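Student: I am new to this structure and would like a close look at a single part of it. Please go through that part in one connected answer.

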Amino acid sequence: MMSKVVRSVARLATPAVLTFGLYVIMHGHVTSGGGFQGGAVFASAAALLLVAFGSERVKEHMKIPALTGIAVSGAVIFIGLGFAGLATTFFYNLFVGSPVFGHVPPFGPAHEDIWTAGVIPLMNIGVALNVVAGLTAIMVVMAIASENKRDGE
Amino acid sequence: MSTIITNAPFIAVAALACVGIYIMLSQRNLIKIVMGITIFEAAVNLFLVSLGYRNDGIAPIFTNATGIHMVLPVPQAMTLTSIVIGVATTAMMLTLIVLIYRHTGETDAKKSRRVKG
Amino acid sequence: MARKVAIGFTLVIVGTMLFATALMMRPFGEPPSAMDDYILENTQETTGANNAVSAVVFDWRGYDTLGEATVLFTAVTAVVMLLRRRKDEAPE
């Protein structure tokens with residue numbers, strides 16, 4: 001638990017960090033970014049909260065079974081999208097040309113168009129859930145394991 | 001002499017790798033050894049990225065691009081994978097250090113060698 | 001004393017090999033690029049993505065991303081399992 005200035009600034013900065021992380025995840029197929037990069041930015045907000053508020057207050061809100069549930073669902077989404085195009089090959093991009101994320105840009109410099117790239121934005125979301133929940137679970141478990149005991153060790 | 005100026009990223013990779021190997025060999029605290037391993041992994045990632053540069057190339061993104069002479073995208077994808085695997089390895093090593101400290105009470109690499117029962 | 005001599009000797013040999021390799025490598029900025037030229041030309045009509053790096057990570061080389069997601073998931077599972085604290089163990 002750090003001083004009052006640090007805690008107030010952490011309270012103000014956390015929504016900005018979370019919004020930026022979500023922007024990097026969702027725009028992975030238009031500009032730089034993607035699942036892994038945005039997931040790391042999103043999990044750094046959890047690190048900020050752990051350092052500013054101490055692990056005793058944070059561990060009541062981030063429970064380990066919920067975090068592992070989110071990680072598992074992210075991995076299942078990623079693998080399920082790989083199996084979805086199994087009629088042709090494994091990992092086939094089957095949404096190109098269809099109404100869901102299906103614009104095909106011509107070769108060369110293009111305008112910003114978020115409805116492109118087929119199955120890639122959905123894979124970005126799956127990988128981002130996996131990375132966010134994984135990194136947060138590692139940090140919370142290590143913070144719990146290095147607490148100081150109070151009752152005479 | 002002009003080879004040194006042209007190949008400057010590769011010389012930086014060699015210097016970082018030497019620093020990493022020196023830390024791994026000469027330190028006795030377990031956490032400092034993990035820091036040396038992390039520095040060595042950073043040198044390897046820098047080498048992978050700097051293999052894919054083309055002279056006067058831009059980023060390989062077609063949105064609002066200014067031309068079509070781009071750097072190679074495949075080494076960047078390989079480096080992404082390598083960074084994530086480095087994070088996983090470092091997390092596992094730090095967990096083992098916490099367990100060694102709980103079991104023997106030491107973080108010195110020489111004194112924590114006997115793990116009894 | 002013998003330990004310092006051994007470390008210095010190892011470092012001299014490894015450092016010489018690394019720096020000699022760095023000076024003898026291909027000039028920086030001229031990579032062989034047959035595969036990447038093909039990928040850059042055919043990304044927008046095959047995958048429909050405007051970002052070549054994301055298309056390479058998730059479409060042209062999707063198996064590597066599958067392996068990496070598995071490694072990360074396995075590491076998280078192992079860390080959570082190893083640092084568990086049982087309720088009935090003796091105080092350390």
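Student: Leaving aside its neighbours within four places in sequence, which residues is Met62(A) in contact with?

Tutor: The model is a predicted one. Beyond its neighbours within four places in sequence, Met62(A) is in contact with Leu67(A), Thr136(A) and Val140(A). Of these, Thr136(A) is 74 residues away from Met62(A) in sequence, yet their C-alpha atoms are 8.6 Å apart in space. Met62(A) itself sits in a loop of chain A, between helix H3 (55–58) and helix H4 (64–84). Met62(A) counts as partly exposed because it has 18 C-beta neighbours inside 10 Å, and a residue is buried if that count is 20 or more.

Chain B also has a loop between its helices H3 (30–50) and H4 (74–104), and Asp56(B) lies there. Asn64(B) is placed in the loop between H3 and H4 of chain B as well. Asp56(B) is exposed, because 9 other C-beta atoms lie within 10 Å. Asn64(B) has 12 C-beta neighbours inside 10 Å and therefore counts as exposed; the limit for that class is 12 or fewer. Most residues other than glycine have a negative phi. Asp56(B), however, has a positive phi near 55°, and Asn64(B), not a glycine either, has a positive phi of about 55°.

As for the two chains together, their contact takes eleven residues from chain A and ten from chain B. On the side of chain A that touches chain B, six residues are nonpolar, four are polar and one is charged.

Methods:
Residues are numbered from 1 along each chain as its sequence is written. Chains are lettered from A and ligands numbered from 1 in the order in which they are written. This is a predicted model: local features need pLDDT of at least 70, side-chain atom pairs count only at pLDDT 80 or more; totals for chains, interfaces and linings use all residues. Helices (H or I, at least four residues) and strands (E, at least two) are DSSP runs, numbered from the N terminus. Two residues are in contact if their C-beta atoms, placed from the backbone, lie within 7 Å. Ala, Val, Leu, Ile, Met, Phe, Trp, Tyr, Cys and Pro count as nonpolar, Asp, Glu, Lys and Arg as charged, and the others, Gly among them, as polar.
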